[in-house]
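Subject: Structure handover

Hello,

I am passing this structure on to you, with notes on what was found in it. The sequence and the structure come first, and the notes follow.

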Protein chains: 2
Amino acid sequence: MNDTLSERSRQILEAIIDDYIRTAEPVGSRSVTRRHGLTLSPATVRNVMSDLEEMGFLASPHTSAGRVPTDKAFRFYVDSLLQVRAIDPDQQDEIRNRYRGRCRDVGEILKDTSRILSSISHYIGIVIAPRFAADVFRQIEFMQLCDRRILAILVSESGVVQNRIIESDEKLDTEDLVRMSNYLNNLLKGLTISEVKKRIVREMEDEKVRYDALLSRALKLSEQTLDDSSAEVFIEGQVNILEQPEFADVEKMKDIFRAFEEKSQLLALLDRCMDAERVNIFIGTENFLSRMNRMSVVTAPYASGPNTLGILGVIGPTRMGYDRVIPIVDYTARILTELLGRE
Amino acid sequence: MNDTLSERSRQILEAIIDDYIRTAEPVGSRSVTRRHGLTLSPATVRNVMSDLEEMGFLASPHTSAGRVPTDKAFRFYVDSLLQVRAIDPDQQDEIRNRYRGRCRDVGEILKDTSRILSSISHYIGIVIAPRFAADVFRQIEFMQLCDRRILAILVSESGVVQNRIIESDEKLDTEDLVRMSNYLNNLLKGLTISEVKKRIVREMEDEKVRYDALLSRALKLSEQTLDDSSAEVFIEGQVNILEQPEFADVEKMKDIFRAFEEKSQLLALLDRCMDAERVNIFIGTENFLSRMNRMSVVTAPYASGPNTLGILGVIGPTRMGYDRVIPIVDYTARILTELLGRE
DNA sequence: GGTTAGCACTCATTCAGAGAGAGTGCTAAC
DNA sequence: GTTAGCACTCTCTCTGAATGAGTGCTAACC
C-alpha cells in the first residue's frame, strides 16, 4: 500500500481531523469544502475521502454519516501534520502560579501537578510518583513508635520521602536505631536506589557484618524499607471526561472509570515512556488497554538532575487538541523537573 | 401533625422501604401485599399509603407510579425500624485480612481503609486523614535538602507522619538542625498539636528565646510545619455508584462526580461528625450538599487512644442497605482504631 | 368503622411508521 | 482530472396508538 499522500489529500485529511476535533461528529464532504477555503467541489473531496478510507485513514460509521479519522489518521496527524505551538504565555503563567504557595512535600507537589494538568488541559491529569530505582539515596532514619514498631523514613536526593512502618522481631532502643541509621547512611550515601539494593545484599554476606547482630538487623530493616513495588499514581479531573460528547453514553463512561481504577495497568503503560526523551503519545488502541481504546495519552518524563524520576501526562479523547495539550505537558514536565531539582 | 404510626402503618412503611431498597423503583400497593405476607387487600394498603404520603413519609413521582420513601421515611427507618445486624463473620474476616500484609505507613493504611470500605459495601469508601489538632506530638526532625530547603518530618503519637519542605531564609548547617529538633522535642513532647501551637506562640515571646536566634528560628520552622489547613481525603470506589440504577442518567452522574471533586465540602460535612460517639448517618438532603441530595453518608470516628483522630464512612444512594453498611462502617472504624493504637 | 371490590382515570413507556436531512457513490458531462 | 446531478441509504425525530402499572374514589360488605 502506498502511504504517501498528495499535498491535496493531506490538506483534506487535516481539514477533516480539525473538524472532527472541534465537533466530535463525522465530517461530510460539503463541510470540508465550506470551512476550509479549498476551491474544490464536494464531489472531488468525496473521491479523495474515498481514497483516504481505502488507505485506512478514515472510517465511516455508516453509509450516510460522513467520515471519522482513524487512530492511524491521528498518528499521521501528530507525526507529520501537527505544528506544535509554543505554549500560550497565559497558560505558562498559570502553571507557574499554581505551583507557588505554601511549603509542601513532594507528594503534594505531585498531586498538585496532576490537578494543574487537568485543569489547564481540560482533560485528565496523571502523574506517577518517582520510581525510586533511578533516584539517589540520601538518608535513612528510624524512629521508635511502640515496642515492636519502627518508623523508617527514607529520603532521596530529589526530596522524595518515603515513610514505612516496620514490625521488628526484637525490641530496639533509640541508641540502637541511631547507630543503625549512621551505619546505613555512611554505607549507602550517593548510590542510586537500585545500586543500594545490590549493595545491601553484598554487605549481608560480608563476614564482619554477619557477626554483628545490629548491623545485619539494620540491613534487614533497610531492605524492607526499600521494597517499593507499588508506585503511586495521581489522577485528577476525571469529571472532565464527562463533558466529552463521545462518552455521553453510560456504558462507555463506566468502562473508562473502571480503567482508571486499575491503576496498575496505567502504571505499566506509563512506565513504557520512562526512556523517552520528551513528549510521547499513545493514540487510541496503541495503548493496548481495551477499556481506553478511544482515549489518547500524552506523556512526558520529569527528572531530578540527570535521572528520570517519573512520568506525567494528560489523558483525553483520541480527538483531543494535541497542539494545545503537547506544549502543556511538555512545559509542566519542565517546571516540575525544575522544582524537584537541586538549585 | 400526629407522627405516631399504628403498628400496621409501620409494617407497610417498612415493606415499602425494603422493596425500594431492593429495586430502586417506586413501590405500588399490590407489590406490598404480594411480597410481605400481609393479609390485606391492595385497596387497604392504598389507604394507608395515602396517609403516609400525607405525613410526609412517601412521595409519588407521578400519579400512576407507585410511591417512593422520602428522606423522612429513611430517617424514621434508621432511627426506629432498623435492626442493625451483627456484622457478617465472613466480612469481618475479609476486613481483617485485607489489612494484613506488608509494612506500610499510615497514609497507605488510610487509603486501604477507604478501598476496603468501598469494596465490601459496594458503595463509596471515604476516609479523612487524622486531623492533627487532636493528635499528640511525638517528634520533629529536620533534614537539610539543599542550601535553603529543609525537610521537616513531624510524627504524632498515632504514627501519622507529615513531611513538609520549608524554604528557610538563611543557611543552616546540620548541627544547627539537630540542636533545633532537640530543643523542640523537649519543649513539645506530649502536648496535643493544638496545644503545641499555643505553646509555640507563648515561647516565642519568652525573653530568653527572643535573644537566641537559633531557638526562635526553630520555633518559626515548627510553626510552618504545623500549618495544616488541608486535611487529606481518601475516596475510593466511585465507579460503584455507576451501577446504581437511579444514577444511570448522565447529568446526575456528572453532578455526583463533581461533588466528589469538591473535597473541602465533603470534609466540612464529615468534620461535623467528629464528636459523635459511634456511627452517624446523614440521609439525603440532611447533608446539605445540593449535589449529593440523593446520597446518604454513614460515618464513624476512628481514634488513637482517647483522641478521635478522623472520620471514615461509606457514601451510597439514599436507598442503601443500611443494615448491612452500618456494621461494616462500625467494625472497620474499630479495626482501624486498633491498628493505629499503641499496643 | 374498617375493609374490600370495582371501575374510571392518569401517566410513563414502548413501538411502528412517516418524513426530514445529511451524506454517499455512481454516472455522465465538462 | 473535475464537477453536477441524482438515486440511494441510513439516522434522527416526531407522532400517535397501544400497553400497563398504579392510583383515587365510590359503593358494598362484615
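How do the residues of the surface near DNA strand C divide into nonpolar, polar and charged? The count is five nonpolar, 13 polar and three charged. Please keep in mind throughout that this is a predicted model.

DNA strands

To stay with DNA strand C, there are 21 residues around it, and those that come nearest are G28(A), S29(A), S64(A), T44(B) and S64(B). The most comes from α3(A), which gives four residues to the surface near DNA strand C.

DNA strand D also has 21 residues around it, of which T44(A), S64(A), G28(B), S29(B) and S64(B) come nearest. Two or more residues of the surface near DNA strand D are given by each of α3 (42-54) of chain A and, in chain B, α2 (29-35) and α3 (42-54). Here α3(B) gives the most, with four residues. By class, the surface near DNA strand D has six nonpolar, twelve polar and three charged residues.

Domains of chain A

The domain assignment of chain A gives domain 1 (7-81), domain 2 (89-131 + 231-340) and domain 3 (134-226). The centres of domain 1 and domain 2 of chain A, taken over C-alpha atoms, are separated by 28 Å. Their contact takes seven residues from domain 1 of chain A and eleven residues from domain 2 of chain A. On the domain 1 side of this contact, α1 (7-23) and α4 (71-81) of chain A each supply at least two residues. The most comes from α4(A), with four residues. The residues on the side of domain 1 of chain A that touches domain 2 of chain A are five nonpolar, no polar and two charged.

Helix packing in chain A

The helices α1(A) and α3(A) pack with their axes 10 Å apart, at an angle of about 90 degrees. They are therefore roughly perpendicular to each other. From α1(A), the residues R8(A), S9(A), I12(A) and L13(A) take part, and they meet V45(A), V48(A), M49(A), D51(A) and L52(A) in α3(A). This contact of α1(A) with α3(A) divides into six nonpolar, one polar and two charged residues.

Sheet in chain A

Chain A has an open sheet of five strands in the order β7-β3-β10-β9-β8, with antiparallel pairing. At its edges are β7 (233-236) and β8 (280-282) of chain A, each of which pairs on one side only. Ignoring direction, neighbouring strands of this sheet are turned by 20 degrees against each other on average. Within the sheet, strand β9 (residues 295-304) and strand β10 (residues 307-317) of chain A run antiparallel and are joined by ten bridges. To find your way along this pair, note that T299(A) has G313(A) in β10(A) as its bridge partner. Helix α13 (residues 322-340) of chain A packs on the sheet and touches β9 and β10 of chain A. The direction of this helix makes about 25 degrees with that of β9(A).

Sheet in chain B

An open sheet of three strands was found in chain B, with the order β4-β5-β6 and antiparallel pairing. Its edge strands are β4 (137-144) and β6 (161-167) of chain B, each pairing on one side only. From one strand to the next, the twist averages 20 degrees. Strand β5 (residues 149-156) of chain B pairs with β6(B) in the antiparallel sense, over seven bridges. In this pair, V155(B) stands opposite V161(B) in β6(B).

Regards

Technical notes. Residues numbered from 1 in each chain as written. Chains lettered and ligands numbered in written order. Predicted model: local features only at pLDDT ≥ 70, side-chain atom pairs only at ≥ 80, totals over all residues. Domains from an automatic or database assignment. Contact = placed C-beta atoms within 7 Å. Nonpolar A, V, L, I, M, F, W, Y, C, P; charged D, E, K, R; others polar. Near = placed C-beta within 6 Å. Axes fitted to C-alpha atoms, helices over the stretch in contact; angles between N-to-C directions. Parallel < 35°, antiparallel > 145°, perpendicular 65-115°, else oblique. Pairing = 2+ DSSP bridges.
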